[in-house]
Amino acid sequence: MSDLASPSHPTRRAALKFLATAPMLPLGALASSTLLSGCATGRGPVASNYLSSSFSSMAAPSLANAAAMATTTVGSSLQVQLRDNTTQNYKLAYHPFFVTGDMVPDGKGGTVLSGGYVDINNRPIIDRSVPGKERQIFSDSPDGTSLLGLPNATVPGVKGKAVFAVVQFEYTTRDQAGTDAYGTLPSPIAVLTLDQDPATGKLSLVKYHNVDMSKAHGLWITCGASLSPWNTHLSSEEYEPDAPFAAENAQFKKFSKNVYGDETRANPYHYGHLPEVTVHPDGTGTVKKHYNMGRISHELVQVMPDNRTVLMGDDATNSGLFVFVADREKDLSSGTLYVGKLGTGFSIDPAAEGAKISWIKLGHATSAEIEQMANTLKPADIMTVLKTDPSDASFTKVFYNGNANWIKVKPGMEKAAAFLETHRYAYLAGGSMGFSKMEGTTVNIKDKVAYSALQNIQDSMVKTGKGWNAASGIALDKALIAGGVMAHKLDGGQKDLSSSPINSDWMPVHTKALLVGEDIAADALGNKANPNLVANPDNLKFSEKMRTLFIGEDSGSHINNFVWAYNVDTKQLSRLMSMPAGGEATGLHVVDDLNGWTYIMSNFQHAGDWNSLHGKVQATLDPLIRANYKDRFGAAVGYLTADPTSLKLG
């Protein structure tokens with residue numbers, strides 16, 4: 001086809017450049033130069049022509065189309081409004097790179113098992129639960145994902161532009177015999193080299209590289225993740241193993257056995273931290289674990305634009321709002337840890353004013369010194385922890401993961417307690433340790449607002465609930481199982497409660513509810529939360545260009561979990577995508593511009609993980625999900641893309 005221009009038919013290059021001036025999801029596999037040139041108009045590339053974006057909302061799938069409930073289903077579209085009052089519409093679709101358990105290219109001429117588990121010596125971990133069916137274990141629960149580009153990337157086999165995705169695998173649900181395997185395996189992280197087609201933005205997998213975790217002691221339950229402003233993947237280790245009682249923890253002993261071949265060798269103080277993965281131009285990656293950011297239930301962190309302030313999700317009962325302020329930009333190896341204290345007025349009513357947040361300094365440390373403490377100290381060296389009341393006034397009653405503990409810090413061990421027994425010490429220091437399931441975090445830079453997801457609003461947030469304590473400043477009359485999203489106003493010039501200045505312009509100073517779900521009596525499908533509202537929000541990501549908060553669900557209330565888009569200006573909530581029934585939406589990541597293209601990354605976990613919620617659909621959907629996803633052992637890693645069948649440029 002000729003690439004010569006005419007007044008009514010610009011060059012294909014000009015048409016593509018025009019497309020790239022607005023937020024554009026990449027086209028699907030059917031995109032072609034014929035389609036683009038055939039639909040192109042005479043409008044030239046004007047970067048300032050973009051005005052806004054919005055998403056249409058798809059209907060929730062039903063048993064009228066059972067197949068749609070048993071896979072990733074997308075029925076939404078993106079509308080791009082231009083300043084000349086014209087609109088471009090793009091139907092969305094989902095494009096997986098692989099389903100875990102697939103053999104994928106290793107970049108060396110061979111293949112590797114996607115989502116496969118290895119021990120501390122990088123040897124495959126074998127599922128021997130069914131004699132005669134021995135196989136390497138692979139994950140059904142991919143989670144945090146980052147998409148990034150690097151200058152001077154050089155990976156053989158890339159024909160367009162090399163871009164990279166970092167994908168972590170949180171856990172596997174069960175072995176082949178059906179025995180629960182949650183949290184018993186060291187979480188792998190892979191770097192994917194992707195070939196980006198310059199003409200369509202389509203991403204194709206070229207290389208899969210497992211990052212060596214031996215120097216990080218292996219990883220423990222990696223959940224959500226984010227991309228740092230300096231282009232590294234910030235991982236997570238949630239539900240930190242309870243160190244004082246690790247010897248009686250069967251899950252942790254199985255983990256130790258799988259990592260080291262010895263159920264007593266793993267050190268609980270090595271887990272519950274923040275791993276950071278750096279991607280290299282050859283498609284490999286290396287990891288370092290930061291031990292000085294609080295040993296909490298790290299879910300998903302957000303680094304603020306100052307490259308120093310880190311807001312952290314804490315996915316636990318009796319969790320807190322934590323912030324780490326690094327000493328230097330783009331370097332998390334040293335800094336100060338703070339826990340929030342709520343003022344009066346905390347509410348989950350979006351119409352309510354909300355509550356002020358003050359900050360308590362827990363300590364300053366380097367990662368190296370806390371790692372050394374983790375290597376050498378035992379729990380009894382740091383504090384005494386009792387599960388029954390000793391009737392001794394020298395002990396303080398705290399709540400840890402919903403349960404009462406009585407604690408006493410050993411003399412001179414305050415720093416060790418702050419960074420290795422963070423939940424207990426933060427409670428002792430006066431932090432508001434009353435949140436439940438605080439998960440994803442993200443930031444709206446223009447408005448200077450951060451967002452936190454509360455997957456469930458229950459237990460320690462509800463008066464008389466499990467772990468509730470008046471000192472937290474949270475005292476709801478009843479639970480909201482469907483959860484919600486909180487918005488935190490950010491500001492500088494703050495002092496901690498000891499009157500010392502906080503060296504950050506991005507500290508949360510006020511919190512109020514933004515969006516909440518609605519609990520309902522079970523509907524015809526079995527949903528226990530309104531299917532037309534967000535329920536059990538987990539992953540959060542914000543697009544500055546689209547002014548949109550993206551929300552992924554981890555719901556025990558919706559039959560199908562969804563990915564939503566919420567425009568913070570128009571207040572429009574749109575359902576973009578439905579996950580297979582029983583599966584969780586994970587790996588949410590939004591990139592406004594990567595070589596001119598916009599991407600929404602999304603994975604799912606544990607499709608067909610049935611419970612009492614699914615009684616009305618399980619019989620119909622179970623065989624379909626088993627057929628789609630390796631008898632329920634597989635899960636997809638991929639991204640939302642534009643379907644070119646609806647592409648219009650005029």
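Tutor: Let's begin with Thr384, whose bridge partner in β24 is Lys408. Before going on, please note that this is a predicted model, in which local features need pLDDT of at least 70 and side-chain atom pairs count only at pLDDT 80 or more, whereas totals for chains, interfaces and linings use all residues. Residues are numbered from 1 along each chain as its sequence is written, and side-chain values use heavy atoms, with hydrogens and water left out.

Strands here are DSSP runs of E with at least two residues, helices are runs of H or I with at least four, and both are numbered from the N terminus. Two strands pair if DSSP finds at least two bridges between them. As a reminder, strands of a sheet pair through backbone hydrogen bonds, either parallel or antiparallel.

Stepping back, the strands form an open sheet of three in the order β22-β24-β23, with antiparallel pairing. Its edge strands are β22 (383-386) and β23 (396-400), each of which pairs on one side only. On average, neighbouring strands of this sheet are turned by 35° against each other, direction ignored; the axes are lines fitted to C-alpha atoms, for helices over the stretch in contact, and angles between N-to-C directions run from 0 to 180 degrees.

Lys387 lies over the face of Phe245, at 4.1 Å from the ring centre. A charge sits over a ring if NZ of Lys or CZ of Arg is within 6 Å of the ring centre and within 35 degrees of the ring normal. Another such case is Lys448, whose charged end sits over the ring of Trp506, 4.6 Å from its centre.

Strand β10 (residues 161-171) has ten of its eleven residues buried, so the rest of the structure largely encloses it. (Buried means under 20% relative accessible area, exposed means over 50%, and partly exposed is in between, with a 1.4 Å probe and protein chains only.) Strand β9 (residues 141-149) pairs with β10 in the antiparallel sense over seven bridges, and there Leu148 has Phe164 of β10 as its bridge partner. Eight bridges join β10 to strand β11 (residues 189-196), again antiparallel; here Ala162 stands opposite Asp195 in β11.

Aromatic rings come next. The structure holds 15 aromatic pairs, where rings of Phe, Tyr and Trp (its six-membered ring) pair if their centres lie within 6.5 Å, with planes under 30 degrees apart counted as stacked, over 60 as edge-to-face and the rest as tilted. One of them joins Trp220 and Phe252, an edge-to-face pair at 5.6 Å centre to centre with 65° between the planes. Trp220 lies in the loop between β12 (203-210) and β13 (226-227) and Phe252 in helix α4 (residues 250-260), so this pair ties together parts 32 residues apart in sequence. Both Trp220 and Phe252 are buried. Phe255 and Tyr271 have ring centres 5.1 Å apart and planes at 85°, so they too make an edge-to-face pair. Phe255 is in helix α4 and Tyr271 in the loop between α4 and β15 (274-279), so the link spans 16 residues in sequence. Phe255 counts as buried because its relative accessibility is 0%, and Tyr271 is buried at 0% as well. Ring pairs link Trp220, Phe252, Phe255 and Tyr271 into a cluster.

Finally, here is a helix for contrast. In α9 (residues 618-628) the buried residues are Leu621, Asp622 and Ile625. Seen down the axis of α9 they fall within an arc of 110°, so they line one face of the helix; the arc is that of the directions from the helix axis to the C-beta atoms. The face of α9 turned away from its buried side carries the exposed residues Ala619 and Ala627. The buried residues of α9 pack against α3 (66-69), contact meaning heavy atoms within 4.5 Å. Just after α9, Lys630 takes a positive phi of about 50°.
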